[in-house]
Amino acid sequence: MAHEQHNYLNHQKGIWSWLTTLDHKRIGIMYFIAIMSFFFLGGVFALLVRAELFTPGKTLFSADVYNRMMTYHGAIMVFMVIVPGIPAIFGNFVLPIMIGAKDVAFPRLNLMSWYMLMIGAAITGSTLFLENVDTGWTFYTPYSSIKTGLGVIPMVLGVFIIGFSSILTGLNFIVTTHKLRAPGMTMNRIPLMVWALYSTAILQVLATPVLAITLLLLIAEKTLGVGIFDPQLGGDPVLFQHFFWFYSHPAVYIMILPAMGVISELVATYSRKIIFGYTAIAYSSLAIAGVSFLVWGHHMFVSGQSEFAGILFSFITMLVGVPTAIKLFNWIATMYKGSIRLDAPMLFAIGFMFLFTIGGLTGVYLASTGMDVHFHDTYFVVAHFHYVMVGGTLMALMGALIYWFPKVTGKIYSDLTGRISWVFIFSGFNVTFFPQFILGNMGMPRRYYDYLPTFTELNQMSTFGSWLIGTGFLVGLFGVIYALLKGKEAGNNPFGGKTLEWTIPSPPPHENFDKTPVLTGGPYEYR
Amino acid sequence: MNWFSFITATSFMPVPATKESGDVDNLYIFLLVSGLISFIILIGGMVIFIFKYRRKTEDQKSAYITHNTLAEFLWSFIPFVIMMIIFAWGWSVFHDLRRVGEKGDVEVHVTARQWAWTFKYANDIEINSPTDKKLVENDPDSTLLKPEIVVVPVGKTIRFILTSDDVLHSFYVPAFRNKMDAVPGRRTTFTFTPIEKGDFTVFCTEYCGTKHSNMMATIRVVDGEQFAAWQAEKIAANAGANNKGPAERGEALFKGSLGCSGCHSIDGSRIVGPSFKGLYGNKRDFADGSSVVADDAYIKQSILVPTAKIVAGFPPAMSSFQGRIKEEEIKDIIEFIKTLK
Ligand code: HEM
Ligand SMILES: [Cu+2]
């Protein structure tokens, strides 16, 4: 290389310059490193949980150890990986560039969000060494408040702080999207990724405080003996579930909407075609965000809530299914008469649609009260939400990683490595989670350490699949290292993208644009 | 595994054993078939497009189609209609499963507790499940305990009235396609009309701590005469139990309605709490460094105020039996513990 170009990576040097950076791109990379470490930890717990279930009875650990691993797996994956995942990593990196801005609206707040995630994660993680928690990631009372150790307190305190990180990121993205768009970039010209992040941000800001309050109440009950959830103190245990799901149902959309944004970008770029039904996709995100506040009770059909409440929640839940279906139809219609290339990111997008369709359709089963009574809290639910969240979000995350890798680093991610990783992850997911639908049918409850011998074969299949997934992610990680060391130079626009980030150099300069761009059309004008 | 039954959508679900469960299965078949069709349309369409519109040359152009109002209306409206059908169908099935307020021909009070179920019939028959015997005998690693059998008559409406002594549990019978949470401080009901004779497994589906997966029972559906005979036999056995000595009564409480055996072994092995083998008259060391010789007063205190003295090496996991146990029962238990040398 003759002459090194000036960019955000070499703008300043040294660890300290990273830890104090206000550049949204560097913060995105710091999120990437942090969240991938959490992902690794959560993944190890997942493999251990599945290993224990390889045979009925005790395989490796005692029931107590199993319950703890199951709890950490869930809590880490949900609160530290999938919820912050795409918005914090890729949202941070691409959102300002996609709307033609120099940075997010509040760069200092952005850095602070990262530190809050780290502090929260450290507090939650410290319980691994102090006093393990075995409540499951949902922390249902009264088990969490009276029947298990004090480790629950630092655990939920950490989650509480992580929640604030999420709220601050959301706030930042909302203001950024409203205030910092380049001239000519009307709301109807922002890329769909930005729409998705924007809808997510609304959910983060409005729903997360409820979780925060709930966790504080739980801590108050546990330390001060205030009777809120514990019936022995005059509280109501079901109240906790209402509070918890009032956050956590919208949260499942916090997890999936950004993934949908990624898929919109990938499908347009790799079909080299204008997105079909831009407005429908954009506004269905908002519709999902809105309606998702009104459906929490579908997690509680058998909790003892009234029959009427169950029916009402079932009805509203069905309504969420419609905008979800609209998105799938739009992506597929975008491929119609396109010019499709099956590069690794597009494979991940297709994998997303495949897994997400199965996950979404099985969601309809669960939304139907009469059916959910059988499936609730069985492996059917485990399969459903892994298909939508993990299949959906992680597929999108891998696609996004390979797609934006050249922009972030200036190096091309090896397409072959990406494809090999895809084969393992995609087949692994199906081998792992499809049998769990059948286990749910047969009636195997979730969070089971031990099970009847009749469930053995399907559990073994599932455990075998988890090894395939694990291998797939290791291949993906190898790809990152290989590309950083040996990757080809990327150039500004290796995949023919149309959104603004492809108009600037890779890696981008410190303040993204030398000259503020002026927009004259929509984001996907392939003609 | 029966792949044919899978394809014909009779599914892997256990044989439907109640009047309501057949309706659930019909709904399931509708969901499975409509879901499969939707899946084929969506994913089939996607796969066809992938191959048909594959980029063959680098400068290949794509069509410029921004939207199509009719198509978009149809693919929003049709799913909406299907989902409304599924909603309404689910509602009607749900209504049959719930039957809130309806009295049963047989009513049983079911109390859930970490990690056991107690079934109490109107005439004081009491069943505690699981037992302390292993379910899978030849597997030393199996932790499952043999479920006790709860008998109900076929063709009658049975109502279980559920509650919980400690945390949330959930009463689930896959063959009945029904489940209901047992909530401390509340009463919920689980109503069903069995149409099939046989033994059906009960699971706990709300995570409730260490031995959550152990919390099983068996419901045996028999015909009316057999049910009456079973009841008569149980009543006779109850009368006999009153003539037993204190240690025997204590043993029954220990293994039965109080469920101590869920956490304490009598053979020296460690479960959740310390074993009672050789407890009486021997020294106990506590987490705070103190120790006492286990006598009547110590055992009584441990039952009523378990957190007063925590045995070294064990979590403070036991909850108080205050209000759930009578003075004579404590005496019987102590007599029983004395026999465990
Ligand atoms: C958009 C993507 C979706 C995500 C990310 C998602 C995520 C989840 C998660 C995480 C759970 C389990 C929570 C737990 O108990 O741990 C769940 C359960 C459930 N989902 Fe979804 N879901 C999605 C789509 C849908 C759709 C489209 C429907 C219905 C139309 C649906 C209906 C349900 C219902 C009713 C439950 C509760 C089931 C039960 O606990 O019995 N979901 N979902
Ligand atoms: Cu239980």
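This is a predicted model: local features need pLDDT of at least 70, side-chain atom pairs count only at pLDDT 80 or more; totals for chains, interfaces and linings use all residues.
Figure 1. Strand E2 of chain B covers residues 116-121. The pairing of E2(B) with E3(B) is antiparallel and runs over 4 bridges.

**Figure 2. The open sheet of chain B.** The sheet is built from 5 strands, which follow one another in the order E3-E2-E1-E5-E8. The sheet is open, and its pairing is mixed. At its edges lie strand E3 (126-129) and strand E8 (188-192) of chain B, each of which pairs on one side only. On average, neighbouring strands of this sheet are turned by 20 degrees against each other, direction ignored.

**Figure 3. The iron atom of ligand 1 and its protein donor.** A single donor from the protein is found for the iron atom of ligand 1. This donor is the NE2 atom of His384(A), at a distance of 2.3 Å from the iron. His384(A) is placed in helix H14 of chain A, which comprises residues 379-409.

**Figure 4. The annotated span of chain A.** An unreviewed UniProt entry lists residues 10-520 of chain A as "domain: Cytochrome oxidase subunit I profile".

Figure 5. Thr135(A) belongs to the loop between helix H5 (107-126) and helix H6 (143-147) of chain A. Thr135(A) counts as buried because its relative accessible area is 3%, and buried means under 20%. With residues up to four places away in sequence not counted, Thr135(A) touches Thr71(A), Tyr143(A), Ser144(A), Thr148(A) and Val152(A), as well as Tyr207(B).

**Figure 6. Val94(A) and its contacts.** Val94(A) is part of helix H4 of chain A, which spans residues 85-98. Its relative accessibility is 1%, and therefore Val94(A) is classed as buried. Leaving aside residues up to four places away in sequence, Val94(A) touches Met193(A) and Trp404(A). Val94(A) and Met193(A) are separated by 99 residues in sequence, while their C-alpha atoms are 8.9 Å apart in space.

Notes
Residues are numbered from 1 along each chain as its sequence is written. Chains are lettered from A and ligands numbered from 1 in the order in which they are written. Side-chain values use heavy atoms; hydrogens and water are left out. Donors are N, O and S atoms within 2.8 Å of the metal (3.2 Å for Na, K and Ca); water is not among the atoms, so sites may look incomplete. Helices (H or I, at least four residues) and strands (E, at least two) are DSSP runs, numbered from the N terminus. UniProt positions are given in the numbering used here, feature names are shortened, and annotations may be inferred rather than shown by experiment. Two strands pair if DSSP finds at least two bridges between them. Axes are lines fitted to C-alpha atoms, for helices over the stretch in contact, and angles run from 0 to 180 degrees between N-to-C directions. Buried means under 20% relative accessible area, exposed over 50%, partly exposed in between (1.4 Å probe, protein chains only). Contact means heavy atoms within 4.5 Å.
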